[in-house]
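Dear colleague,

I am handing over the structure we spoke about, and below it you will find my notes on what turned up in it. Please read them with the model open beside you.

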Amino acid sequence: MMIQQQFVADKQRWALLERGRPLDDSRSFRRCLGQYPTGVTVITASHDGGPVGMTVNSFASVSLDPPLILWSIRRESRNVEAFRSAEHFVVNMLAHDQVQVSQWFCTSHPQKFELVSWVAGLGGAPLIYGAVAQLECQRVSVQEAGDHLILIGEVKQYAHFDGKPLTFSNGEYAMTQGLPREHHGAPN
Ligand SMILES: Cc1cc2nc3c(=O)[nH]c(=O)nc-3n(C[C@H](O)[C@H](O)[C@H](O)COP(=O)(O)O)c2cc1C
């Protein structure tokens, strides 16, 4: 077993940071998952006549026809009932200069919508000014998945703008930088 592990390590280019079973050390597991870079979105809806929204990086595209996307929300989130019941939601993909927006919307700050410019989109869900893309969605399914719910939405309307997205990995915000063309070569 030891020899096999050493063999695997020798074949890796990088020093091993952590390994193990997720349930033994959930913080370590989160650090492992956090190494995967994502974009940063603020997902919004209208609930009880007012706007709701939260910072989300679990967003992913699923299908082109029909046009489906998904994201997941922590069951214990204060926003869970709002998003479970809202017919529509908007995915606002943040731009690299919207770190503050991400930080406001990962708190329960009661006046967070007063800190951004927005207009109501489908079903009253806020379209946030300055985002690089906006997807107006109709909720089509809510799936239970462990301590999260997975929400699937059908995109009814989209817009995207000429800006650089905000990214997130290893607990830090960043922005993308393209690799030079010579790194794109296909294997022989
Ligand atoms: C970069 C980033 C990504 C996040 N992604 C998610 C996510 O995908 N799902 C989720 O439930 N919470 C996510 N959160 C946390 C929520 O934004 C945060 O819990 C919420 O806004 C606070 O309200 P709550 O305590 O009612 O959940 C993320 C936070 C940050 C900073």
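Which residue in β12 is the bridge partner of Leu-166? The bridge partner of Leu-166 in β12 is Met-175.

Before going further, please keep in mind that this is a predicted model, in which local features need pLDDT of at least 70 and side-chain atom pairs count only at pLDDT 80 or more, while totals for chains, interfaces and linings use all residues. Residues are numbered from 1 along each chain as its sequence is written, and side-chain values use heavy atoms, with hydrogens and water left out.

The strands

Strand β11 (residues 166-169) runs antiparallel to strand β12 (residues 172-175), and 4 bridges join them; strands here are DSSP runs of E with at least two residues, helices are runs of H or I with at least four, both numbered from the N terminus, and two strands pair if DSSP finds at least two bridges between them. These two strands form a hairpin with 2 residues between them, and in its turn Asn-170 has a positive phi of about 50°.

A hairpin of 4 residues also joins β4 to β5, and β4 (residues 60-63) pairs with β5 in the antiparallel sense over 3 bridges, with Leu-70 in β5 as the bridge partner of Ala-60. Strand β5 is also joined, by 7 antiparallel bridges, to β10 (residues 148-160), where Gly-153 is the bridge partner of Ile-69.

The ligand

The ligand is surrounded by 15 residues, the closest being Thr-55, Ser-58, Ser-72, Arg-74 and Arg-78, where a residue counts if one of its heavy atoms lies within 4 Å. Polar contacts, meaning pairs of N or O atoms within 3.5 Å, include one at 2.8 Å between an oxygen atom of the ligand and a polar backbone atom of Arg-74, and one at 2.9 Å between a ligand oxygen and a polar side-chain atom of Ser-77. The protein covers 84% of the 620 Å² of accessible area that the ligand has on its own, as computed by the Shrake-Rupley method with a 1.4 Å probe. The elements that give two or more residues to the shell around the ligand are β3 (50-56) and β5 (68-74).

A residue in a loop

Gln-98 lies in the loop between β6 (88-93) and α4 (99-104), and its side chain reaches the backbone oxygen of Tyr-129 at 3.1 Å. Gln-98 has a relative accessible area of 6%, so it counts as buried, a term that means under 20%.

Methods. A polar contact is a pair of N or O atoms within 3.5 Å; within protein, one must be able to donate a hydrogen and the other to accept it, and residues adjacent in sequence count only if both atoms are side-chain atoms. Buried means under 20% relative accessible area, exposed over 50%, partly exposed in between (1.4 Å probe, protein chains only).
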